[in-house]
Amino acid sequence: MTSSPTHRRRGIVRSYTATGGQATPTRRSLDDATLLIADPKVPLAGLSPHAYRVMDLCLPGVLSVAEVGFHLMLPGAVTKVIVSGLVNSSHLIARSPIPAAQQHDTVLLERILDALHKL
């Protein structure tokens, strides 16, 4: 049973269309929290519409893979395929976010140490 064209939703883009037929990302290190930094020196000519949109989103500043997927309204797996292609072509730099355990405020730690010395 096939649906008639009148029953199809407009605006739906199949996942394989957005990725050019590629099913899996070439980089396994990408996750939803991976930060993406665009290189403004790399020309955007020849990019697919989705890849161009990713670059358009990332050029003003840093975005995570999840944020890019939200803006593109694409599933995370599809976004990772597009992003991994852009990382491979040096359009994007992917960085893992700093884990919460490694983030510390030096000033706060010094104030705590000073307070402990005063006890």
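Which residue caps the N-terminal end of α5? The capping residue is Asp-105: one of its side-chain oxygens sits 3.2 Å from the backbone nitrogen of Val-107.

## Ground rules

This is a predicted model, so to speak of local features requires pLDDT of at least 70, and side-chain atom pairs count only at pLDDT 80 or more, while totals for chains, interfaces and linings use all residues. Residues are numbered from 1 along each chain as its sequence is written, and side-chain values use heavy atoms, with hydrogens and water left out.

## Overall layout

The protein chain carries five helices and three strands, and reading along the sequence gives α-β-α-β-α-α-β-α. Both kinds of element are DSSP runs numbered from the N terminus: helices are H or I with at least four residues, strands are E with at least two. Of the chain's 119 residues, 25% count as buried. Here buried means under 20% relative accessible area, exposed means over 50%, and partly exposed is in between (1.4 Å probe, protein chains only).

## The sheet

The three strands make an open sheet in the order β2-β1-β3, with antiparallel pairing. At the edges are β2 (63-64) and β3 (92-95), each of which pairs on one side only. Strands count as paired if DSSP finds at least two bridges between them.

Strand β1 (residues 35-38) is joined to β2 by two bridges, and these strands run antiparallel. Across from Leu-35 you'll find Ser-64 in β2.

Thr-34 belongs to the loop between α1 (15-18) and β1. With 3% relative accessibility, Thr-34 counts as buried. Its side chain makes a polar contact with the side chain of Asp-31 at 2.9 Å. A polar contact is a pair of N or O atoms within 3.5 Å; within protein, one must be able to donate a hydrogen and the other to accept it, and residues adjacent in sequence count only if both atoms are side-chain atoms.

## Salt bridges

There are two salt bridges in the structure, each needing a side-chain nitrogen of Lys or Arg within 4 Å of a carboxyl oxygen of Asp or Glu. One joins the side chains of Asp-32 and Lys-80 (3.8 Å, N to O). That pair links distant parts of the chain, 48 residues apart: Asp-32 is in the loop between α1 and β1, and Lys-80 is in helix α4 (residues 76-88). Asp-32 is partly exposed at 42% relative accessible area.

Asp-56 and Arg-53 also form a salt bridge, with their closest N and O atoms 3.4 Å apart. They are separated by about one helical turn because they lie three residues apart in helix α2 (residues 49-58). Asp-56 is partly exposed at 43% relative accessibility, and Arg-53 is partly exposed too, at 35%.

Together with Leu-109, Ile-112, Leu-116 and Leu-119, Leu-108 makes a nonpolar surface patch of about 540 Å². Patch residues have over 30% relative accessible area and no salt bridge; like charges are joined within 9 Å, and nonpolar side chains (Val, Leu, Ile, Met, Phe, Trp, Tyr) within 5 Å. Areas come from the Shrake-Rupley method with a 1.4 Å probe, and for residues only the protein chains shown count as cover.
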